[in-house]
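Subject: Structure handover

Hello,

The structure is below, with notes on what turned up in it. Please read them alongside the coordinates.

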Amino acid sequence: QLQVVQSGGGLVQPGGSLVLSCTVSTFAVDYYAYGWFRQAPGKEREGVSCIDSDGSTHYTDSVKGRFTISRDNAKKTVYLQMNNLKPEDTAVYYCARSFFANIVCNGEGPRGKDDWGQGTQVTVSE
C-alpha cells in the first residue's frame with residue numbers, strides 16, 4: 001500500500017461542501033507537518049493549507065474562511081473540510097507530508113514520492 005492515501009472529492013455544486021481525507025501508514029503521524037495542494041489543468045500547483053506538528057494551521061488567501069485543515073492522530077488521518085466551494089476551486093487535490101513545516105507550508109512540497117497522496121479530483125460545477 002501507499003504511505004499516503006487520499007479519499008473524498010468528487011462533483012459538487014457551487015456553494016456546496018466536501019471533505020477530503022488523507023490517511024498515513026505511520027505510527028508517528030503527529031511528528032509530521034501536512035499540507036494540501038491543488039493543481040488545475042494548465043496552472044501551477046499551489047499550496048492550499050497546512051498543519052504543523054504543533055497544530056498550527058495556515059491557509060492561502062483564496063480559501064481562508066472556507067477551508068479548514070485538521071488531523072486525527074488516533075485515526076492517522078488528515079482532513080480538509082471545504083465549504084462554500086467555488087468553480088475556481090476545481091482542481092486535483094494532493095495531500096503531502098514532511099518533517100519540516102516550511103516544505104509544505106511555504107515550499108512546493110516534499111521531494112519524496114512516498115510523501116504525497118495519489119491525488120483526488122474536486123470539480124465544482126452546476
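A residue is called buried here when its relative accessible area is under 20%. Val12 has a relative accessible area of 12%, so Val12 counts as buried. Please keep in mind that this is a predicted model.

Val12 belongs to strand S2, which covers residues 10–12. Setting aside neighbours within four places in sequence, the contacts of Val12 are Ser17, Leu18, Leu85, Thr123, Val124 and Ser125. Val12 can also be placed relative to Lys86: the two C-alpha atoms are 9.3 Å apart in space, while the residues are 74 apart in sequence.

Next, the aromatic rings. How many aromatic pairs does the structure hold? There are four. One of them joins Tyr32 and Tyr34 in a tilted arrangement, with 6.1 Å from centre to centre and 50° between the planes. Tyr32 and Tyr34 are both buried. Another tilted pair is made by Phe37 and Trp116, with ring centres 5.1 Å apart and an angle of 50° between the planes. This pair links distant parts of the chain, as Phe37 and Trp116 are 79 residues apart. Phe37 sits in strand S4 (residues 33–39), and Trp116 is in the loop between helix H1 (101–105) and strand S10 (120–124). Both Phe37 and Trp116 are buried. Ring pairs also connect Tyr32, Tyr34 and Phe99 into a cluster.

Two of these rings have an arginine over the face. Arg97 lies over Tyr32, at 4.8 Å from the ring centre. Arg45 lies over Phe37, and there the distance to the ring centre is 5.8 Å.

The last item is Asp52, in the loop that runs between strand S5 (46–51) and strand S6 (57–59). Which side chain of opposite charge is nearest to Asp52? That is Arg71, 6.6 Å away. A salt bridge requires a side-chain nitrogen of Lys or Arg within 4 Å of a carboxyl oxygen of Asp or Glu, and Asp52 has none, although Asp52 is buried. Not counting residues up to four places away in sequence, Asp52 touches Tyr32, Ala33, Arg71 and Ala101.

Regards

Note on methods
Residues are numbered from 1 along each chain as its sequence is written. This is a predicted model: local features need pLDDT of at least 70, side-chain atom pairs count only at pLDDT 80 or more; totals for chains, interfaces and linings use all residues. Side-chain values use heavy atoms; hydrogens and water are left out. Helices (H or I, at least four residues) and strands (E, at least two) are DSSP runs, numbered from the N terminus. Buried means under 20% relative accessible area, exposed over 50%, partly exposed in between (1.4 Å probe, protein chains only). Lys and Arg count as positive and Asp and Glu as negative; His and the chain ends are not counted. Contact means heavy atoms within 4.5 Å. Rings of Phe, Tyr and Trp (its six-membered ring) pair if their centres lie within 6.5 Å; planes under 30 degrees apart count as stacked, over 60 as edge-to-face and the rest as tilted. A charge sits over a ring if NZ of Lys or CZ of Arg is within 6 Å of the ring centre and within 35 degrees of the ring normal.
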